[in-house]
Amino acid sequence: MNKKLLILLPLLLLCSCSKQEEPDKPIEYKNLDVITYQPFYFQSSTITSKEEMPLPEGINSYGDLIVDAGKILSNASDKITYKENLSTKDKSLGHDEFSKMGKNQVILFEGHGSCIWMDNEPRSVIWTGNDYDETKKETDFDYKENLLVEADYNEAFTSYYVEKYCPDISGSIVYLDNCFSARDSTLAKSFLDKGAAAVIGHTNTTQQIYGNTILHETIKNLTVINKQTKTTYTLYEALTLAKEKYGKDDGVKFPYALNSEPLLFGDPNWKISL
């Protein structure tokens, strides 16, 4: 996850896509696939257990938490599938990787993100794992149309890229464990417009230890039975419990951090059925 503060911008009010309306009855998803994206695993895998947020037993680095989250889901039900070959460890994100997305999935991203100026507004972008190639600016469609942009010399995808290449992901949730992924709402909205039930992202540059741990804890909580309701926790409840345990933002455990908070867009009542 990007530790550089590329552009400091005032936090914007979230648009209507962040409104969390309570449906009459939550939809419980039984048959699910899990897919994980880690174009910078080689970096996150070097970070080992810290006192502020110790790693779970059997996990050697924070970079392994996202894959373990997938395994937790698949172990919770024989109707939830996670295959390690869907984990894009150290593989850049491109059209082929986006084509793996689909309906009724848990889609987890872990890596770097930035906030850049585009269309005279701040925009959240996610690094693909490739260097930005200036020579493509005049010839490559994705570069010319700002589907892929430069972020600190790195190639990053924008909401326009999602609009063009992301397939129908109806019923899926997307967790963007990337810096600035919820700095504005356009990136989350682009996934929601493709059918995603909900999207989670971070408001600022984020301490990787915090981001990866919150993702792991949130996904784990989705498999836990709420003693009051006698059913699994909703996505909102799962995220809330994780934030209660580790802090509502990364400044709680790390005083030098910039108070980046994971935000939920879309349906707060998404849940799995065990």
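Me: In which loop is N146 found?
Reply: In this predicted model, N146 has a phi near 60 degrees, a positive value in a residue other than glycine. Its relative accessibility is 24%; since buried would require under 20% and exposed over 50%, N146 counts as partly exposed. The loop that holds N146 is the one between α4 (141-144) and β7.

Me: Is D90 buried, partly exposed or exposed?
Reply: D90 lies in the loop between β3 (80-89) and α3 (95-98). Phi of D90 is near 60 degrees, a positive value in a residue other than glycine. With a relative accessible area of 40%, D90 falls between the limits of 20% and 50%, so D90 is partly exposed.

Me: Which residue in the turn between β7 and β8 has a positive phi?
Reply: Strand β7 (residues 148-151) pairs with strand β8 (residues 154-157) in the antiparallel sense over four bridges, and V149 has A156 as its bridge partner in β8. The two strands form a hairpin with two residues between them. The turn residue with a positive phi, about 55 degrees, is D152.

Me: How many residues of α7 are buried?
Reply: Helix α7 (residues 208-221) has 14 residues, and from first C-alpha to last reaches 20 Å, close to the 20 Å expected at 1.5 Å a residue. The helix is largely enclosed by the rest of the structure, because the buried residues number 13 of the 14.

Me: Which residues have the most contacts inside the largest nonpolar core?
Reply: The largest nonpolar core has 38 residues. Elements giving two or more residues to this core include β2 (32-38), α2 (65-76), β4 (105-110), α7 and α8 (235-246). A second, separate core of 28 residues includes M101, V174, L176 and F265. In the largest core, the residues with the most contacts are V106, L108, I219, L235 and W270.

Me: Which residues does W270 touch, not counting those up to four places away in sequence?
Reply: W270 is among the residues with the most contacts inside the largest nonpolar core. Leaving out residues up to four places away in sequence, W270 touches Y29, L32, V106, G171, I173, A197, L222, T234 and L235.

Me: What percentage of the residues of the chain count as buried?
Reply: The chain comes to eight helices and 14 strands. Among contacts between residues at least 6 apart in sequence, 74% join residues at least 24 apart. Of the 274 residues, the share that counts as buried is 57%.

Notes
Residues numbered from 1 in each chain as written. Predicted model: local features only at pLDDT ≥ 70, side-chain atom pairs only at ≥ 80, totals over all residues. Heavy atoms only, no water. Pairing = 2+ DSSP bridges. Expected span 1.5 Å × (residues − 1). Buried < 20%, exposed > 50% of the residue type's maximum accessible area, 1.4 Å probe, protein only. Core = buried A, V, L, I, M, F, W, Y, C linked by side-chain atoms within 4.5 Å. Contact = heavy atoms within 4.5 Å.
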